[in-house]
Amino acid sequence: MKLVYAIVRNDNEDDVVSQLTQHRYSVTRLSTTGGFLRKGNTTLMIGAEDEKVDEVISLIKQECGQHQKLTVNMPYISGTSMVNYATMPMNVEVGGATIFVINVEHYEKI
């Protein structure tokens, strides 16, 4: 038995969960924040038999394709120093998922 942690963007969460539940996987959602863009993420916890882990990862990949996004990353400064700060738009990769697969020693569903 494995526990798959998948950290996905909030934009992709509903589609990923929908695909996983359609394939009869139980999913627990945790709201998280992090990453370079400081945007909301969702961490999904999915229990799967060892031989089903590749299918779980494949379903996640289908819904979390990476693409370019133009963004202006604002610094955490305020006051008069903000007037002198020049921001530049930049292209960043968004989408995708970060996936961890962990062995489960014991599992019970009561």
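1. Helices and strands. The chain holds 2 helices and 6 strands. Their order from the N terminus is β-α-β-β-α-β-β-β. Both kinds of element are DSSP runs, numbered from the N terminus: helices are H or I with at least four residues, strands are E with at least two.

2. Basis. This is a predicted model, where local features need pLDDT of at least 70, side-chain atom pairs count only at pLDDT 80 or more, and totals for chains, interfaces and linings use all residues. Residues are numbered from 1 along each chain as its sequence is written, and side-chain values use heavy atoms, with hydrogens and water left out.

3. Of the 110 residues in the chain, 28% are buried. Buried means under 20% relative accessible area, exposed means over 50%, and partly exposed lies in between (1.4 Å probe, protein chains only). Among contacts with a separation of 6 or more, 69% join residues 24 or more positions apart. A contact means heavy atoms within 4.5 Å.

4. The helix pair. Helix H1 (residues 10-22) packs with helix H2 (residues 53-63) at an angle of about 145°, and their axes are 9 Å apart. Axes are lines fitted to C-alpha atoms, for helices over the stretch in contact; angles run from 0 to 180 degrees between N-to-C directions. The crossing of H1 and H2 is right-handed, that is, the near helix is turned clockwise from the far one by less than a right angle.

5. Who touches whom. H1 brings Asn 12, Asp 15, Val 16, Gln 19 and Leu 20 to the contact, and H2 brings Val 56, Leu 59, Ile 60, Gln 62 and Glu 63. By class, that gives 5 nonpolar, 3 polar and 2 charged residues. Nonpolar covers Ala, Val, Leu, Ile, Met, Phe, Trp, Tyr, Cys and Pro; charged covers Asp, Glu, Lys and Arg; the others, Gly among them, are polar.

6. Asp 15. This residue sits in helix H1. Asp 15 counts as partly exposed because its relative accessibility is 41%. Asp 15 and Ile 60 are 45 residues apart in sequence, yet 8.9 Å apart in space, C-alpha to C-alpha.

7. The second largest pocket. Its space comes to about 250 Å³. Strands S1 (2-9), S2 (27-34) and S3 (39-48) each give two or more residues to the lining. A pocket is an open set of points on a 1 Å grid where a 1.4 Å probe fits, with protein on both sides within 12 Å along at least five of seven lines; lining residues have an atom within 4 Å of a point.

Notes: Grid points are joined across faces, edges and corners, and a volume is the space filled by probe spheres set on the points.
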